[in-house]
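Colleague: I am new to reading structures, and I would like to go through one slowly with you. Could you take me through its features, giving the general idea each time before the case itself?

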Amino acid sequence: MAILEVKNLEKCFGNLQVLRNINFSLDKGESIAIIGSSGSGKTTLLRCLNFLEKPDKGTIIVNDEVIFDAMDPATQLESEVRKKRLHFGLIFQNFNLFPQYTVLKNVTLAAELLAIERPNYKQNKKAILNEIQNQGKELLCQVGLSDKLDNYPHQISGGQQQRVAIARALFLEPDILCFDEPTSALDPELTGEVLKVIRGLADQHCTMVIVTHEMDFAREVSDRVIFMDEGLIAEQGSPDEVFGNPKEERTKQFLTRYKKG
Amino acid sequence: MKKSISLFLALATLFALSACGNSDADSKDDSDLSYVQGNKKMIIGYTDYAPMNYTDENGTFTGFDTELAIAVCEELVVEPDFVEINWDTKEVELEAKSIDCIWNGLTILPERAAAMEITKPYVKNAQVVIVKDGTEYEDTASLIGKTIVAEQGSAGEKTIQEDDNLKQADYVAKMLQTEALMEVKAGTAAAAVLDLTLANTMTGEGTNYEDIIIVDHLAEEEYGVAFRKGSDLAAEVNKIFDDLLADGTMEALAEKYGLDLAE
Amino acid sequence: MNQFYVIVSRLSESFLLNLELFALTLIFSLPFGLVIAFGSMSRFGPLRKVVRTIVWIVRGTPLMLQLMIIFFGPGLLNMSFSWPGGSSGRFIAATVAFVINYACYFSEIFRGGIESVPRGQYEAGQVLGMTKTQIFFKVTLLQVIKRIIPPTGNEVITLVKDTSLARIIANKEIIMMAGEYSSKGLIWPLFATGLYFLIFVGVLTILFDWIEKKLRYFHV
């Protein structure tokens, strides 16, 4: 069952056309890796899904509901956009943890704020917040950071920060978890711990879209690979197909460059 | 939407500017006398300046100008409202009606008489040259090329600018006459040109400036009270001055404060 | 000796005027400065341009001149509005001039602080479903505060000394009071005023250092 469908997505920044006619779909429990050179539009695509950019054309459908249609202003109302963002989680390249909060609070803050909107919040405030605390601790345990709950972001390594970011995104139980080059800002020694966590999520059949330069990782973890080039999906298929037997010339060129480097 | 907001902003600006309308009719026609009598008080601008307006050891606000003003206000049937002002902005204060007159040992100068309505002279003054005791001084020629000081915008400054010899001295303007005194005492200026009345009060035995002496009298001058240009109060106060001269009040005050009355 | 105590007590009393002006200016100009900051960052073009022009004018002319314009303006322009009489009118006018002036200076400090928070912080809040208000108060605000403490401290210290400018419209603050003595030939009170400012600024310096220390638990 397709949990995500992207149709005819286009995006321009001024005169520069960054996305041209993007079409793909994603099934529940599937992991897609998006690869391609800088400027191919990978990050813009991810940002469009999370409503951080507004596409000029196209539709985005989640769980058979049209959450975005460039032709229909009703789908673009600011008040609704906030709720729609919750379908997705986003892990940024440079983590974007909140520096003034502890690791635990970073993970639980958004949930605590959303809890206020619950109908039974006032009566059960203490219980709700308590539950959120416990859930947060558990998630951090899952990513291997139960001993860092009271630390501040500047006190932990980049890899640890990114793992906190993953826990923070997971907390809100998004339908689709997006990663924007999650290890590109990390030292090589630290990428391993983050990739391990993502691997674990893939094993649990978390629905994910991962933009990455880690080719081996992409091949190992994803169910499908999309190669983007100059705003278009140049090629897509299973990891073995795209990495082992690329059909398009551009794909071959790109992969050769990466093998050499 | 944006156009109508810009239009609104333009209209609002116009409206704000029109708030600068006349308060009541054309105040030039209205009599200044009626104005202060209507307010039941006359706001008198002064600076702390012995012996004209100052606070004595007992904490009483007094002085020649203070007492004279109180007497005049009694005749005008208004309350005297003494307001301490900044000498630099006295003309602006007067024009803006935050004071109704400048009554503080104001030297009558042609430019001032042209810009404000000044009463006839009531006290005589001179600009004097003061130096540190022991300085060589014959006449103003002795100061050519030396550093001399006076208060900015004062009659002393004007005297320096008009004297052929002092023109050739190195003149530095000071904010206050007392700062000028300080410079002479400190030796950073050879001489200062100040009001006689001030010099009398502040230099010599018993003051901070024991070693400062008066060596020359220049530019004799006279004091008057200044009102807004075109004010009818000046003429009214002149009449009252005549009365106070006739009944000896002025003479008594002059003696009390060691001043010379104008002829 | 008696004179010494009299002078010190009169100086201290007049310094209260400086302190009063200082406190009132801060109380009103800080929130007002935040409003102006948002105006100068507005996405609505005309508003942004008007606000930035006003800030340019207020920061581009001497405070001393602004004091005179605000106090003397109504009288000189024959406006129907006039300041209350006596020393209270002059003090109110001074407060108004100071609040406008410092609000503009603070607004630029606030704007700089807000704009220097990385966009990623804002976006992280967005993808986690936070409202704009929540993002401002829960994410951005403390980061802005930490960034603006040093320049704000600077501005506050400048304000302490600027308060003596109120004497240009004859508010009898400490330096004008000391001037009364120097006009009688007594000079030391004028230089003694420096001590009052020095001590007060010292207290403020300690306060701002303490605030900076309190915020050292995280790095921006």
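**Sheets, strands and buried residues**

Modeller: Let us begin with a sheet of chain A, in which four strands form an open sheet in the order β2-β1-β4-β5, with antiparallel pairing. Its edge strands are β2 (16-27) and β5 (65-69) of chain A, each of which pairs on one side only. On average, and with direction ignored, neighbouring strands of this sheet are turned by 15° against each other. This is a predicted model, in which local features need pLDDT of at least 70 and side-chain atom pairs count only at pLDDT 80 or more, while totals for chains, interfaces and linings use all residues. Residues are numbered from 1 along each chain as its sequence is written, chains are lettered from A and ligands numbered from 1 in the order in which they are written, and side-chain values use heavy atoms, with hydrogens and water left out.

Colleague: How should I read the words strand, pairing and angle?

Modeller: Strands of a sheet pair through backbone hydrogen bonds, either parallel or antiparallel. Helices (H or I, at least four residues) and strands (E, at least two) are DSSP runs, numbered from the N terminus, and two strands pair if DSSP finds at least two bridges between them. Angles run from 0 to 180 degrees between N-to-C directions, with axes that are lines fitted to C-alpha atoms, for helices over the stretch in contact. In this structure, strand β1 (residues 2-13) of chain A pairs with β2(A) in the antiparallel sense over eight bridges, and A:K11 stands opposite A:L19 in β2(A).

Colleague: Which strands make up the open sheet of six strands, and in what order?

Modeller: The order is β6-β7-β8-β3-β9-β10 in chain A, and the pairing is mixed. Its edge strands, each pairing on one side only, are β6 (88-91) and β10 of chain A. Strand β3 (residues 31-35) of chain A runs parallel to strand β9 (residues 224-229) of chain A, joined by four bridges, with A:I32 opposite A:R224. By contrast, β9(A) and β10(A) pair in the antiparallel sense over five bridges, where A:V225 stands opposite A:G237. These two strands form a hairpin with two residues between them, and A:E230 in the turn has a positive phi of about 50°.

Colleague: Are the two faces of β9(A) covered or open?

Modeller: In a regular strand the side chains alternate between the two faces of the sheet. Buried means under 20% relative accessible area, exposed over 50%, and partly exposed in between (1.4 Å probe, protein chains only). Both faces of β9(A) are covered, with A:R224, A:I226 and A:M228 buried on one side and A:V225, A:F227 and A:D229 buried on the other.

Colleague: What surrounds A:E235, and where does it lie?

Modeller: A:E235 lies in strand β10 (residues 232-237) of chain A. A salt bridge is a side-chain nitrogen of Lys or Arg within 4 Å of a carboxyl oxygen of Asp or Glu, and for charge Lys and Arg count as positive and Asp and Glu as negative, while His and the chain ends are not counted. A:E235 is buried yet has no salt bridge, and the nearest side chain of opposite charge, A:K247, is 4.5 Å away. The backbone nitrogen of A:K247, however, lies 2.8 Å from a polar atom of the side chain of A:E235, and for the backbone nitrogen of A:E248 the distance to a polar atom of that side chain is 2.9 Å. Contact means heavy atoms within 4.5 Å, and beyond its neighbours within four places in sequence A:E235 is in contact with residues including A:V225, A:F227 and A:T251.

Colleague: Why does B:A96 count as buried?

Modeller: B:A96 counts as buried because its relative accessibility is 9%. B:A96 sits in the loop between α4 (90-95) and β5 (101-107) of chain B, and, leaving aside neighbours within four places in sequence, it is in contact with C:F72, C:G75 and C:L76.

Colleague: Why is helix α7 of chain B described as largely enclosed?

Modeller: Seven of the 10 residues of α7(B) (residues 177-186) are buried, so the helix is largely enclosed by the rest of the structure. Among the buried residues are B:Q177, B:L181 and B:V184, and the helix is followed by B:G187, whose phi is positive, near 90°.

How values were computed. A polar contact is a pair of N or O atoms within 3.5 Å; within protein, one must be able to donate a hydrogen and the other to accept it, and residues adjacent in sequence count only if both atoms are side-chain atoms.
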